[in-house]
Amino acid sequence: MNTPPALNGAIAANKVHHWLRAWYGADVPEAVDLDLVRQMLPSTPFGAGVREIRPPVQFDDEAFEGLLARDPSDPEVWGIAYNGTVSRERQRFTIAHELGHFVLHRDRQQRFHCDKDSVHSGHETMRLIEREADDFASNLLMPGDRLREWISDQRIDLHVLSAIAQRFEVSFEALCIRFIKFTSQRAILIYWDNGYVKYEWRSSSAVKTRARIRRTGDPQEPLPGTLAADASVVQAWDGIEMSAAIWCPEEAPYMKLREFKHSYGAKDRVLTLLLLESAEPRAWDRAWQDDDTPDAVNWR
């Protein structure tokens, strides 16, 4: 008899989608109704012992992103709070993240206080559960089967990714990270914060072909000759073609890539997307066979 896989963010979110499809029938909205999920969960196996999850409460406090807590006067009631000063899309992700804590972690503690650095700081156990809650939120708000359908057989640029983000009602950044996980293309996503790399994500194809950006130091700065280093270019949503070796020193001289650039309002935060020409996995490097998941590097 096979042992069922342990519950994680992806499995839990897929189960919720199964219940949503049963609720809606064939006409499932593209943007998940989180209020419906909140009200539904206590009546499902994920809500055992809980009578109610109260409607999320808004706090205009930039000190935290979100909160899930048990009512100290009624153990069958839980509540959610979120930062009301950020965009609606980010509020939705935070609420989905707290619902992830409810499903996956509420038997461990009575209160979850989350900030934007929780995934990268704190002790290992806390980082792990924050990543699991993020994984639940990503899979709930951006189901992989639908995303894969929308990006397949389509020339990708930032216009396309932005349109998909609007359909899911998620942030552009969250959608770009999700795209990296599901694309079959060789792709690298880099987030620059005040001129330095904050994180880097690589698609599975990029990992398998050892496509990685040139290292110049720690912290990493934009490379000369790239759009990322050109302060006169604020947006490049259609992309610019260039030699792949400018970014990735191990690429052959004839290989090309397209660099896309999106700057946020204050221009101190920039997203770079690199789409590289296809290449075969390098036969002399079999390490990818041990880990075919997208690669993420957090620099700080």
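Where does Asn194 sit? Asn194 is in the loop between β6 (186–193) and β7 (196–202). The model here is predicted: local features need pLDDT of at least 70, side-chain atom pairs count only at pLDDT 80 or more, and totals for chains, interfaces and linings use all residues. Residues are numbered from 1 along each chain as its sequence is written, and side-chain values use heavy atoms, with hydrogens and water left out. Helices (H or I, at least four residues) and strands (E, at least two) are DSSP runs, numbered from the N terminus.

**Domains**

- The chain is assigned domain 1 (9–141) and domain 2 (144–276). These bounds come from an automatic or database domain assignment.
- The C-alpha centres of domain 1 and domain 2 are 29 Å apart.
- Across the two domains, 11 residues of domain 1 are in contact with nine residues of domain 2. Contact means heavy atoms within 4.5 Å.

**Asn139**

- Helix α4 (residues 124–141) contains Asn139.
- Asn139 has a relative accessible area of 7%, so it counts as buried. Buried means under 20% relative accessible area, exposed over 50%, and partly exposed in between (1.4 Å probe, protein chains only).
- The side chains of Asn139 and Arg178 make a polar contact at 2.8 Å. A polar contact is a pair of N or O atoms within 3.5 Å; within protein, one must be able to donate a hydrogen and the other to accept it, and residues adjacent in sequence count only if both atoms are side-chain atoms.
- Leaving out residues up to four places away in sequence, Asn139 touches Ala10, Ala13, His17 and Arg178.

**Phe179**

- Phe179 belongs to helix α7 (residues 172–182).
- Its relative accessible area is 1%, so Phe179 is buried.
- Phe179 and Gly144 are 35 residues apart in sequence, but 9.3 Å apart in space, C-alpha to C-alpha.

**Helix α6**

- Helix α6 covers residues 158–168, and its buried residues include Leu158, Leu161, Ala165 and Phe168.
- An α-helix has 3.6 residues a turn, so residues three or four places apart point the same way.
- At the start of α6, a side-chain oxygen of Asp157 comes to within 3.0 Å of the backbone nitrogen of His159.
- After α6 comes Glu169, with a positive phi near 60 degrees.

**Loops and backbone**

- Asn194 is not a glycine, yet its phi is positive, about 55 degrees.
- Asp153 is not a glycine either, and has a positive phi of about 55 degrees. Asp153 lies in the loop between α5 (144–151) and α6. Its relative accessibility is 84%, so Asp153 counts as exposed.
- The peptide bond from Asp218 to Pro219 is cis, with omega near 10 degrees. Pro219 is in the loop between α8 (204–208) and β8 (235–243).

**The largest cavity**

- The largest cavity has a volume of about 30 Å³. A cavity is a set of points on a 1 Å grid over the protein atoms alone where a 1.4 Å probe fits but cannot get out, and lining residues have an atom within 4 Å of a point. Grid points are joined across faces, edges and corners, and a volume is the space filled by probe spheres set on the points.
- The lining includes Leu158, Cys176, Phe260 and Lys261.
- β10 gives the largest share of this lining, three residues.

Conventions: On a 1 Å grid over the protein atoms alone, a cavity is a set of points where a 1.4 Å probe fits but cannot get out, and a pocket is an open set with protein on both sides within 12 Å along at least five of seven lines; lining residues have an atom within 4 Å of a point.
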